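Here are some notes on the model, point by point. Please read them with the structure open.

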Amino acid sequence: MGEALISDLILTDEHTTVGVDDSIVEGTKRLIDMPGGVLIVLDESENVKGVMGTHQILKAVAQGMDLSSATCGEAMELDVLQVKLSEKIADVLPIINERKPQAVVAVDDDGAFSGYFSPNDYRQAMSRLDNMPAIRSLDE
């Protein structure tokens, strides 16, 4: 049995996507239908440029931005860690723990967005590792 990969997790829930040039109003409309989720901000080539949640929208409101003309690209968070679907969960979790990014997204081998690694996915990944049998020493 091989080690669990990022692709073994369900990464297609808890998010929706929005274009980098879409208005904050458009992003807000999409986020309303995704309670507790996030917006993954993509460029025209489906590459991840950033993420937005309710905090970023409220910050845009507080700064007096015109939400119908300001873009998601102007309000998004840029601290996004990208991991490949083919990477091992055991290799990725230490990187996440050390870097502590705003968001983690999965990409395919071409760098195109494939899914959002949510806090729930993180807990599921940790659970998978906790349930894996340890390798016994040859001295045992």
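1. A salt bridge here is a side-chain nitrogen of Lys or Arg within 4 Å of a carboxyl oxygen of Asp or Glu. Glu3 makes one with Lys88, and their closest N and O atoms are 3.6 Å apart. The pair ties together distant parts of the chain, 85 residues apart. Glu3 sits in the segment before strand 1, and Lys88 in the loop between strand 4 (80-84) and helix 4 (89-99). Helices (H or I, at least four residues) and strands (E, at least two) are DSSP runs, numbered from the N terminus.

2. On the source: this is a predicted model, in which local features need pLDDT of at least 70 and side-chain atom pairs count only at pLDDT 80 or more, while totals for chains, interfaces and linings use all residues. Residues are numbered from 1 along each chain as its sequence is written, and side-chain values use heavy atoms, with hydrogens and water left out.

3. How exposed are the two ends of the Glu3 pair? Glu3 is partly exposed at 40% relative accessibility. Lys88 is also partly exposed, at 33% relative accessible area. The classes are buried (under 20% relative accessible area), exposed (over 50%) and partly exposed (in between), with a 1.4 Å probe and protein chains only.

4. The salt-bridge count comes to four. Among them is Arg30 with Asp22, at 3.9 Å from N to O. Another joins Glu26 and Arg30, at 2.7 Å from N to O. Glu26 and Arg30 are four residues apart in helix 1, so about one helical turn separates them. Shared partners join Asp22, Glu26 and Arg30 into one network. Its members are partly exposed: Arg30 at 30%, Glu26 at 28% and Asp22 at 26%.

5. Which residues of helix 1 are buried? In this helix (residues 24-32), they are Ile24, Gly27 and Leu31. Seen down the helix axis, the buried residues fall within an arc of 60 degrees, so they line one face of helix 1. The arc is taken from the directions from the helix axis to the C-beta atoms. Lys29 and Ile32 are exposed on the other side of helix 1. The cover over the buried residues includes strand 1 (15-19), strand 2 (38-42), strand 3 (48-52), helix 2 (54-62) and helix 3 (72-75).

6. Met52 deserves a look. Met52 lies in strand 3 and is buried, with a relative accessible area of 1%. Setting aside neighbours up to four places away in sequence, Met52 is in contact (heavy atoms within 4.5 Å) with Ile24, Val38, Leu39, Val41, Ile57, Cys72, Ala75 and Met76.

7. Three strands form an open sheet in the order 4-5-6, with mixed pairing. Two strands pair if DSSP finds at least two bridges between them. Strand 4 and strand 6 (113-117) are the edges, each pairing on one side only. Neighbouring strands of this sheet are turned by 30 degrees against each other on average, direction ignored. Strand 5 (residues 103-107) and strand 6 run antiparallel and are joined by four bridges. Val107 has Phe113 of strand 6 as its bridge partner.

8. Helix 4 lies across strand 4, strand 5 and strand 6, at about 175 degrees to strand 4. Such angles run from 0 to 180 degrees between N-to-C directions, with axes fitted to C-alpha atoms, for helices over the stretch in contact.

9. What about the cores? A nonpolar core is a set of buried Ala, Val, Leu, Ile, Met, Phe, Trp, Tyr and Cys residues joined through side-chain atoms within 4.5 Å. The largest has 14 residues, of which Ile6, Ile89, Ile96 and Phe117 touch the most other members. Strand 4, helix 4 and strand 5 each supply at least two residues of this core. Helix 4 gives the most, with four residues. A second, separate core of 13 residues includes Val18, Met52, Cys72 and Met76.

10. Last, Asp121. Asp121 is placed in helix 5 (residues 119-130) and counts as buried at 3% relative accessibility. Apart from neighbours within four places in sequence, Asp121 is in contact with Leu9, Ile10, Leu11, Glu14 and Tyr116.
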